[in-house]
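Visitor: Please take me through one part of this structure in detail. I would like to see how its residues are placed.

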Amino acid sequence: MEHITHPFSELFEQLGLDASHEGIEHFLASHRLPPEVELVDAPFWSKSQSGFLKEGLQNDSDWAEIIDQLNLSLR
């Protein structure tokens, strides 16, 4: 089975966010998470966005690696 690696832009598209380089940079610069807040519990996600992230991590889907990268980028 082939391992699929998704770029940040695809994750942002899945989340319904601006997936342009500038849009991603702006999102990361304007959203920060303190260490005690889990990524999926961040107040800026909608229910569906949070659900997508949670499912991707719990199922260790092909999205898990890039979701982890997003988590690190928001710290």
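Guide: Start with a side-chain pair: Ser 46 makes a polar contact with Ser 48, side chain to side chain, at 3.2 Å. A polar contact is a pair of N or O atoms within 3.5 Å; within protein, one must be able to donate a hydrogen and the other to accept it, and residues adjacent in sequence count only if both atoms are side-chain atoms. This is a predicted model, where local features need pLDDT of at least 70, side-chain atom pairs count only at pLDDT 80 or more, and totals for chains, interfaces and linings use all residues. Residues are numbered from 1 along each chain as its sequence is written, and side-chain values use heavy atoms, with hydrogens and water left out.

Ser 46 sits in the loop between α2 and α3. Helices are DSSP runs (H or I, at least four residues), numbered from the N terminus. Ser 46 counts as partly exposed, because its relative accessibility is 32%. The cut-offs are these: buried is under 20% relative accessible area, exposed is over 50%, and partly exposed is in between (1.4 Å probe, protein chains only). Ser 46 and Leu 15 are 31 residues apart along the chain, yet their C-alpha atoms are separated by 9.2 Å.

Now look at α3 itself. Its 12 residues should span 16 Å at 1.5 Å a residue, and its end C-alpha atoms are 16 Å apart, so the two agree. The expected span is 1.5 Å times one less than the number of residues.

Which residues of α3 are buried? They are Gln 49, Ser 50, Leu 53 and Gly 56. They cover an arc of only 130 degrees around the axis, so they lie on the same side of α3. That arc is taken from the directions from the helix axis to the C-beta atoms. On the other side, Lys 47, Ser 48, Glu 55 and Gln 58 are exposed. The cover over the buried residues includes α1 and α4.

Take two of the buried residues in turn. Gln 49 has a relative accessible area of 11%, so Gln 49 is buried. Leaving aside neighbours within four places in sequence, Gln 49 is in contact (heavy atoms within 4.5 Å) with Leu 15, Leu 17 and Phe 44. Leu 53, not counting residues up to four places away in sequence, touches Leu 11, Leu 15, Leu 39, Val 40, Trp 45, Ile 67 and Leu 70.

Finally, α3 is followed by Asp 60, whose phi is positive, near 45 degrees.

Definitions and conventions. Helices (H or I, at least four residues) and strands (E, at least two) are DSSP runs, numbered from the N terminus.
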